[in-house]
Amino acid sequence: QDQKMPSADLITLTRHVLDQQYTLGDNASGDLTLLLTAIQVTSKYIASNVRKARLINLVGLAGAENVQGEEQKKLDILSDEIMVNALRASGKCSVLVTEEREDAIIIGSNPSHAHLVGNYCVTFDPLDGSSNIDAGVNVGTIFGIYKVKEGSKGTLEDVLRPGREMVAAGYTMYGSSCNLVLSTGQGVNGFTLDESLGEFILTHPEITIPKRGKIYSFNEGNSKYFHKPTLEYLESIKYPKDNKSPYSARYIGSMVADVHRTLLYGGIFGYPGDTKSKDGKLRILYEAFPMAYLTEQAGGAATTGTERILDVQPTGIHQRLPVFLGSEDDIKDLMSFYKK
Ligand code: P6P
């Protein structure tokens, strides 16, 4: 009897995107909706593999190495192949950039795929945080979407563009539930997979990040290498003046999980550049840009420390960038230390 009455007005991800396309008023071709449907299917499939990974012995090293020189776990490879195949088959893409492949995939470069060339470019990390899989920590898929430049059939120039030119970005987090968080430029909405329906249902409408938070999320194991502004900022929130209470430290080491918490609770997530890694660790096209896009759409801010992340002009598809993102006031505080 305490069962809530089932909603008679189920808002699925597909319906939500269609509604937004209509409110956009443009002659929505439905192409972006179809592309997002393909992405939804990959998320469901990856979720089911992540869930049963240990049972079907999918964890553990696959032996291969990805372009980052990191050991690839079998799930990485499988998730990458799932996404490449589904995005190509959607017929809506012309360029694909994935963390797991050195070169971009230009769909039209293969004559047998010429009929599948579409108007969108997707940059993605199919299974970010995968080093945590064996420990059962949340992992995720991160994606960003550009529309090809006018008249382009798909070249590298279509993805080596500032993140502000993305038309959509999102992530799917595989944890105790499967959450897909998405923006198509009209705010941020969160969906939860109802496995009994196989549908992502709107559960977090209009996610808005608090103006200021009380949590900081940095890997302080790198403190020895941090630049002075980073150290001084951290000092200011750990030993605050005028007897304010210190911030809490929360660091999961899986970007999707750390950013998801930051969007919902506020605060600051940072992976700074330091004396060991000038540009930090996170990659521009499929980690920094999509997460910065979502953070700004949720009312927050995202900076390299000195400039807006979404204004950066990438020169390489696996280029890295220092990342600070989160609540507007916390980012302002951080930037004040870089301005000194
Ligand atoms: P570190 C995972 O490998 C990842 O790319 C992100 O998901 C995460 O934020 C970061 O690296 C963690 O890196 O050096 O703190 O372990």
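This is a predicted model: local features need pLDDT of at least 70, side-chain atom pairs count only at pLDDT 80 or more; totals for chains, interfaces and linings use all residues.
The chain contains seven helices and 15 strands in total.

**Helices α5 and α6**
- Helix α5 covers residues 255-265, and helix α6 covers residues 284-297.
- Their packing angle is about 15°, and their axes lie 11 Å apart.
- Angles under 35 degrees count as roughly parallel, so α5 and α6 are roughly parallel to each other.
- On the α5 side, the contact uses Met255, Val256, Val259 and Leu263.
- On the α6 side, Glu287, Met291, Leu294 and Thr295 meet them.
- By class, this contact of α5 with α6 holds six nonpolar residues, one polar and one charged.

**Helices α2 and α3**
- Helix α2 runs over residues 31-52, and helix α3 over residues 74-90.
- The two pack at an angle of about 160°, with 9 Å between their axes.
- Angles over 145 degrees count as roughly antiparallel, so α2 is roughly antiparallel to α3.
- The crossing of α2 past α3 is right-handed.
- From α2, the contact takes Leu35, Ala38, Ile39, Thr42, Tyr45, Ile46, Asn49 and Val50.
- From α3, it takes Leu75, Leu78, Ser79, Ile82, Met83, Ala86, Leu87 and Ser90.
- Twelve of the residues in the contact of α2 with α3 are nonpolar and four are polar, with no charged residues.

**Helices α4 and α7**
- Helix α4 spans residues 228-238, and helix α7 spans residues 328-339.
- They pack at about 135°, and their axes are 8 Å apart.
- That angle makes α4 oblique to α7.
- The crossing of α4 and α7 is right-handed.
- Pro229, Thr230, Glu232, Tyr233 and Ser236 are the α4 residues in the contact.
- They meet Asp330, Asp333, Leu334, Phe337 and Tyr338 of α7.
- The contact of α4 with α7 divides into five nonpolar, two polar and three charged residues.

**Annotated domain**
- An unreviewed UniProt entry places the feature "domain: Fructose-1-6-bisphosphatase class 1 C-terminal" at residues 209-338.
- Over residues 209-338, the chain is 36% helix and 12% strand.
- The end C-alpha atoms of this stretch are 23 Å apart.

**Overall dimensions**
- The C-alpha atoms of the chain fill a box of roughly 60 × 55 × 45 Å along the principal axes.
- A compact globule of 340 residues would have a radius of gyration near 20 Å.
- The chain has a radius of gyration of 20 Å, which agrees with that expectation.

How values were computed: Residues are numbered from 1 along each chain as its sequence is written. Side-chain values use heavy atoms; hydrogens and water are left out. Axes are lines fitted to C-alpha atoms, for helices over the stretch in contact, and angles run from 0 to 180 degrees between N-to-C directions. Helices (H or I, at least four residues) and strands (E, at least two) are DSSP runs, numbered from the N terminus. Angles under 35 degrees count as roughly parallel, over 145 as roughly antiparallel, 65 to 115 as roughly perpendicular and the rest as oblique. Contact means heavy atoms within 4.5 Å. Ala, Val, Leu, Ile, Met, Phe, Trp, Tyr, Cys and Pro count as nonpolar, Asp, Glu, Lys and Arg as charged, and the others, Gly among them, as polar. UniProt positions are given in the numbering used here, feature names are shortened, and annotations may be inferred rather than shown by experiment. The radius of gyration is taken over C-alpha atoms; the globule rule is 2.2 Å times the number of residues to the power 0.38. A crossing is left-handed if the near helix is turned anticlockwise from the far one by less than a right angle, and right-handed if clockwise.
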